[in-house]
Amino acid sequence: LWEVPVMRGIGEALLLRGFQRIIFDEAGGNFEVGSRMVSTRDLKLWSNEAVLTSVGNIDFNGGLNFDVSTSITEGLVNENQDDWQKLSSDFVKEAGQIIGNLQISGTIKKPEFKIKPKVGKYLKNKIKDFIKGALE
């Protein structure tokens with residue numbers, strides 16, 4: 001599963017080492033086919049370490065348009081991570097999930113990833129405080 005560029009890119013975009021070791025043991029969702037695309041409003045992948053929830057579509061030419069929210073458990077944190085990856089994993093563990101959605105565009109062969117924050121000023125300050133405290 002992690003050899004697929006879209007899936008590999010999710011872990012890399014979230015800066016989470018160890019993401020590629022996750023084994024999803026359950027998946028579900030509803031799909032609609034029409035207008036030269038396959039769409040979903042409720043695709044989910046479940047594992048002990050993470051849950052991915054996706055909304056979006058893939059067109060018949062391979063074009064991607066997905067928003068993915070990710071909930072990650074503490075088990076994903078790896079003691080051997082470098083400082084930046086450990087910091088991002090610690091933050092994810094502390095927050096319970098990524099603060100925003102991951103937008104996937106581009107194509108199946110060359111996907112593009114962008115984190116779309118959905119945080120207000122209050123939460124941005126909390127993130128700054130968390131990072132400052134972690135670096136001290």
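The model is predicted: local features need pLDDT of at least 70, side-chain atom pairs count only at pLDDT 80 or more, and totals for chains, interfaces and linings use all residues. Residues are numbered from 1 along each chain as its sequence is written, and side-chain values use heavy atoms, with hydrogens and water left out.

pLDDT is the predictor's confidence in each residue, from 0 to 100. Its mean over the chain is 76, and 65% of residues reach 70 or more. Helices (H or I, at least four residues) and strands (E, at least two) are DSSP runs, numbered from the N terminus. Among these elements, helix α2 (residues 83-95) has the lowest mean pLDDT, 56. Strand β2 (residues 31-34) has the highest, 97.

Thr40 lies in strand β3 (residues 37-46). Thr40 is buried, at 5% relative accessible area (buried is under 20%, exposed over 50%, partly exposed in between, with a 1.4 Å probe and protein chains only).

| Backbone nitrogen | Distance from Thr40 side chain |
|---|---|
| Asp42 | 3.2 Å |
| Leu43 | 3.3 Å |

Leaving out residues up to four places away in sequence, Thr40 touches Asn30, Phe31, Ser54, Val55, Gly56 and Phe66 (heavy atoms within 4.5 Å).

Strand β4 (residues 50-59) pairs with β5 in the antiparallel sense over nine bridges (pairing needs at least two DSSP bridges). Val55 has Asp67 as its bridge partner in β5. Four residues separate β4 and β5 in a hairpin, and Gly62 in the turn has a positive phi of about 95°.

Strand β5 (residues 64-72) has a covered face of Leu64, Phe66, Val68, Thr70 and Ile72. Its uncovered face holds Asn65, Asp67, Ser69 and Ser71. In a regular strand the side chains alternate between the two faces of the sheet.

Conventions
Polar contact = N/O pair within 3.5 Å; in protein donor to acceptor, adjacent residues only side chain to side chain.
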